[in-house]
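Thanks for coming. I have one model to go through this morning, and I will keep to the local details.

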Amino acid sequence: MTPSHFHEGQLIGVLTAQPLGRVLDYKAPEGGCFLGAFVEVPLGPRKVLGVVWQAGAGDYDYAKVRSVIRVLDVAPMRDEMRSFLTRAADYTLTPLNQMLRLATRAPGLGDAPGMRKVYRLGDAEPTRLTDARTRVIEVLRDYGGLSFTGKELADMAGVGTSVVKGLAKQGVVREEDAPRDVPYPLLDADYGGKTLTEDQEAGAAVLREGIKAQTYGTTLLKGVTGSGKTEVYLEAVAECLRQGRQALVLLPEIALTGEFLDRVEARFGARPAEWHSGVTQTERRRVWRMIGQGDAQMVVGARSALFLPYQNLGLIVVDEEHDTSYKQEDGVLYNARDMAVLRAAGVGAQVVLASATPSLESWANVEAGKYRRLNLTSRFGDAVMPTMRAIDMRAEDLPGGKWVSPSLRVAIQDRIDKGEQSLIFLNRRGYAPVTLCRACGHQIGCDHCDARMVEHRFLKRLMCHQCGETKPMPTVCPHCEAEDRLSAVGPGVERMGEEVTELFPDARVVVLSSDLYGSARAMKAHIAEIAAGGADIIIGTQLVAKGHNFPNLTLVGVIDADLGLQGSDLRAAERTFQLMRQVAGRAGRAEKPGEALLQTYQPEHAVIQATIAGDEEAFWSAEAAERKAAGVPPYGRMAGIVLSSTNVQEVFDLGTAMARQDAPLRRIGAQVFGPAPAPIARIRGRHRVRLLVKAEKGAPLQQALADWAAQFKLRGELRMAIDIDPQSFY
């Protein structure tokens, strides 16, 4: 059994985030250290961060073993966190050092705590008492000696910071140094609870009981859009707070956090900790430290928030659990929904998977009895679900190069006349997906990828959506050098904006797309402005399908409902169904009834029919039967292997050798398909070849894959990525 404390000079095994593939032996420092302690250790000429992972192996000359430099002043990594990282590494076939990097993504963990200036009431009297100075003094008196930053105090008093600094010079206000990494304000579970509907209260009661039991369990909270799922799971958060445990709510998009944080503040009287790419480095360090100390009760974050050092985690909510952005597609390949279940199982926490259109994986787990299911069947208040119908584009008289059908145009004009909002949905960013030369037929592609470049007219550039490469919009064809013959083909949201502005010149038209904003804050502010009535027609990508609430929106028009039905992706039907239902759900969320119109050239297609009918159970049952017959997830297991190199020949040679030497996979009854060029065969100058492995549901796939991959040594530029349960096949 590994001891919990190591005395000075004892051998300890330290795991670092460096790509070494093993735990390294060091001597415990003066004063010793605990198992799980964060330490700074020498590695060659460098100093690196590590975690005391186990007892030292002792297979190296003790005299040559170096000592730990110092133990960091942060809470040690708990046993359950080390266990979670180990299990996640085994499941995803990821080296442990890469998992540790995910768990230490806060800057300056080894630095001394940063300080900031705070102000509290002093003893002196002001030389002259102005109205502004009086307000500052009154604020400090009202809060009974609490201290505030200069900006906080100035904002509360409604004055400039110069007033505060002037009082500090006179000693009326005392200026002090205080640590930047301060605890988060306490959340009050009983502060702002709302009156729930009957089925909301029934669902909340079930979730509260699960939290009280302090055991693991997963619940699928399924409710139509606008049914109040958020209020129900916030009741589970409230119970978690009463139990003195920490809660994590995962959201699929940064743009959703602003509106959600306002709701949390209204419910609990204070804002929780935030964790996502839009958070400053200073705040990230504060979040990481406070969670480890138990001084942050609730975290709202992106998928990487799963790897924060919770002291007493009691609840994980995965909102919009079906969303594909929960799958990390580079670096460590993991699905946050699956990792949430793994994380909770290790600490006796509850998981709530919330969605109006659950993933087939979650639906199947409910059917198999692994998850509970709670249904919210009606919209909150007076709101009702929108009516849905298809517009058969084969019967519409539409000129070439135009995409808004006459039927949709009439419906939009009707909403404008009533002072209501319309949403036009097209899941294509940019102006046009293809730029074509009318002289020679050349399509402008990326120099580093086998992908077409997308015109972004607002930016006056072409952009590759695979590698991010951009270039100015050319006036001459790069292939035949013909001038002024380049033409945009197909619509993106920017082009839709032009067409809609022509059709409705007096309407306020807004294009919502993630690449049109310089920051997450700017995007949040614009969405709030639109929700308050700042537009008549909104044109958006799938960004608008996720959780936003536009009270005056009563019409949704989907431009190309068939877009997701093409291709070989096994989840194409599921994703199209989910997206159409989610987008339609934006309409009629207040008391005005909503309508959703789907423009389609295949109105008889089963997915379009199921979407319009709203018969979700029939759709899931049919989709499940197809997947079961094919033996694919969630009724079989799959792994995608992507090989890449700058040398196209060596990547195909490796793929062919792997397909031939597949004995470890055949032993478990697995099949290998490929090698074949990936659908996008070159990204960032690297040639890509895919293999697909398919096995039965209960097969020990990870071990077989590990044995199979271990037969091959990757030299030079060759790289191999193994993706368990792949979500995309590009």
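First, the ground rules. This is a predicted model, so to speak of local features I need pLDDT of at least 70, and side-chain atom pairs count only at pLDDT 80 or more, while totals for chains, interfaces and linings use all residues. Residues are numbered from 1 along each chain as its sequence is written, and side-chain values use heavy atoms, with hydrogens and water left out.

Two strands pair if DSSP finds at least two bridges between them.

Next, helix α5, residues 161–169. Which of its residues are buried? They are Val163, Val164 and Leu167. Buried here means under 20% relative accessible area, exposed means over 50%, and partly exposed is in between, with a 1.4 Å probe and protein chains only. Looking down the axis of α5, the buried residues fall within an arc of 100°, so they line one face of the helix. That arc is taken from the directions from the helix axis to the C-beta atoms. On the face turned away from the buried side, α5 carries the exposed residues Ser162 and Lys169.

What do the buried residues of α5 pack against? Their partners are β8 (115–121), α3, α4 (150–157) and β10 (173–179), where contact means heavy atoms within 4.5 Å. Just after the helix, Gly171 takes a positive phi of about 85°.

Two of those partners, β8 and β10, belong to an open sheet of 3 strands, ordered β9-β8-β10, with antiparallel pairing. The edges are β9 and β10, each with a single partner strand, so one side of each has no neighbour in the sheet.

Leu146 sits in the loop between α3 (131–142) and β9 (148–149). Leu146 counts as partly exposed because its relative accessibility is 47%. Together with Tyr143 and Met156, Leu146 forms a nonpolar surface patch with about 280 Å² of accessible area. For a patch, residues need over 30% relative accessible area and no salt bridge; like charges are joined within 9 Å, and nonpolar side chains (Val, Leu, Ile, Met, Phe, Trp, Tyr) within 5 Å. The areas come from the Shrake-Rupley method with a 1.4 Å probe, and for residues only the protein chains shown count as cover. A salt bridge is a side-chain nitrogen of Lys or Arg within 4 Å of a carboxyl oxygen of Asp or Glu.

Now strand β28, residues 595–600. How many of its residues are buried? The count is 6 of 6. Glu595, Leu597 and Gln599 are on one side, Ala596, Leu598 and Thr600 on the other, and both faces are covered. Strand β18 (residues 387–392) pairs with β28 in the parallel sense over 6 bridges, with Ile391 opposite Gln599. Strand β27 (residues 553–558) also runs parallel to β28, over 4 bridges, and Leu555 has Glu595 as its bridge partner.

Most residues other than glycine have a negative phi, and most peptide bonds are trans. Leu93, in the loop between α1 (79–92) and α2 (96–103), has a positive phi near 55°. Glu481, in the loop between β23 (470–472) and β24 (486–489), has a positive phi near 65°, and Glu481 is exposed, at 62% relative accessible area.

There are cis peptide bonds to point out too. Pro633 to Pro634 is cis, with omega near 5°, and Pro634 lies in the loop between α17 (616–630) and β29 (637–645). Gly674 to Pro675 is cis as well, with omega about 10°; Pro675 is in strand β30, residues 671–683.

That is what I have; questions are welcome.

Terms used. Helices (H or I, at least four residues) and strands (E, at least two) are DSSP runs, numbered from the N terminus.
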